[in-house]
Amino acid sequence: GKSGGRAPLPDMSAIGFSKLLTPFMSEADAVGYAMPFVPALFGALLIFPVYFIGKTLFGKKAGLVGALLIALIPIHISSGHGSAYALFDHDSFNLLLYFLTFLFLLKSIKEKDMFRRALYALLAGIPLAALSMVWVEAQFLYTIITVYAVVQLIFDLFTNKVEEGFVMSITLALFTGFFVSWPVVYAGGVLLDLPVFLALGVLIFGGLCILFKRKQI
């Protein structure tokens, strides 16, 4: 419950991977090898969401260039905070979860079919929840999404382009992130934290914008 306490998902991932190695070595050695390997794996996997974000926004070539640049950034390939087999740290996991959240949120916003839009929003909420089980300051990403949603809604309100689907995408992602991660938050001695209030704020503000549009206010 103290400030700066680490949530359990990185430790769980290292312990889980170590089980693949225990038939070949002692449990302590297996955990020792798994600890630097798991962050390196997460760092390497970052190229996939970067590619698909680039492809979704600008086309396949842009996605390939973005993925290539991620793979070649010196600090990413030489640091334990990136894809190097060097350090047991959660930073590479954070980056992967950021980009997965952005990818699925982007696909949800651009999707026209409501069922697929809701599905993408749920998929955005899963890595958002995972971030709450990795990083003590995970509410930073909830805040970034909330600020974006409010600014976008204000622009849409003045241009008469408010979409119910946009409000649904953002709120569903935020609420999914909160509810899936809530048991870990509650175990830390907190009943309700900032993410749920941000989600409620977006829901209320978005609902008012939809109302204003329908009433032509």
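**Figure 1. Helix α10 and the nonpolar surface patch.** Helix α10 (residues 194–214) supplies seven residues, the largest share of the nonpolar patch. Helices here are DSSP runs of H or I with at least four residues, numbered from the N terminus. The model is predicted: local features need pLDDT of at least 70, side-chain atom pairs count only at pLDDT 80 or more, and totals for chains, interfaces and linings use all residues. Residues are numbered from 1 along each chain as its sequence is written, and side-chain values use heavy atoms, with hydrogens and water left out. Patch members include Leu 194, Phe 197, Leu 200, Leu 203, Ile 204, Leu 208 and Leu 211. Tyr 186, Leu 191 and Leu 192 also belong to the patch. Together the patch residues present about 930 Å² of accessible area, computed by the Shrake-Rupley method with a 1.4 Å probe and only the protein chains shown as cover. Patch residues have over 30% relative accessible area and no salt bridge; nonpolar side chains (Val, Leu, Ile, Met, Phe, Trp, Tyr) are joined within 5 Å, like charges within 9 Å. Tyr 186 sits in helix α9 (residues 164–187). Its relative accessibility is 48%, so Tyr 186 counts as partly exposed. The classes are buried (under 20% relative accessible area), exposed (over 50%) and partly exposed (in between), with a 1.4 Å probe and protein chains only.

**Figure 2. Aromatic pairs.** The structure holds ten aromatic pairs. Rings of Phe, Tyr and Trp (its six-membered ring) pair if their centres lie within 6.5 Å; planes under 30 degrees apart are stacked, over 60 edge-to-face, and the rest tilted. Tyr 51 and Phe 52 have ring centres 4.9 Å apart and planes at 70 degrees, so this pair is edge-to-face. Tyr 51 is buried at 15%; Phe 52 is partly exposed at 39%. Tyr 148 and Phe 166 are also edge-to-face, with centres 5.8 Å apart and planes at 75 degrees. Tyr 148 lies in helix α8 (residues 139–158) and Phe 166 in helix α9, so the pair ties together parts 18 residues apart in sequence. Phe 166 is buried at 5%, whereas Tyr 148 is partly exposed at 34%. Tyr 98, Trp 135 and Phe 140 form one aromatic cluster.

**Figure 3. Salt bridges.** A search of the whole structure finds four salt bridges, each a side-chain nitrogen of Lys or Arg within 4 Å of a carboxyl oxygen of Asp or Glu. Glu 111 meets Arg 116 at 3.5 Å, N to O. Glu 111 is buried at 18%; Arg 116 is partly exposed at 41%. Arg 117 pairs with Glu 163, the closest N and O atoms being 3.9 Å apart. Arg 117 is in helix α7 (residues 114–132) and Glu 163 in the loop between α8 and α9, so the bridge ties together parts 46 residues apart in sequence. Arg 117 is buried, with a relative accessible area of 3%. Glu 164 bridges to Arg 214, with the closest N and O atoms 3.1 Å apart. This pair links helix α9 to helix α10, parts 50 residues apart in sequence. Arg 214 is exposed at 62%, and Glu 164 is partly exposed at 34%.

Figure 4. One cavity of 30 Å³ or more is counted. On a 1 Å grid over the protein atoms alone, a cavity is a set of points where a 1.4 Å probe fits but cannot get out; lining residues have an atom within 4 Å of a point. The largest cavity has a volume of about 40 Å³, the space filled by probe spheres set on grid points joined across faces, edges and corners. Its lining includes Pro 10, Ser 13, Phe 88, Asp 89 and His 90. Helices α1 (9–18) and α2 (27–45) each supply at least two lining residues. The largest share, three residues, comes from α2.

How values were computed. 1 Å grid on protein atoms, 1.4 Å probe; cavity = no way out; pocket = protein on both sides within 12 Å on 5 of 7 lines; lining within 4 Å.
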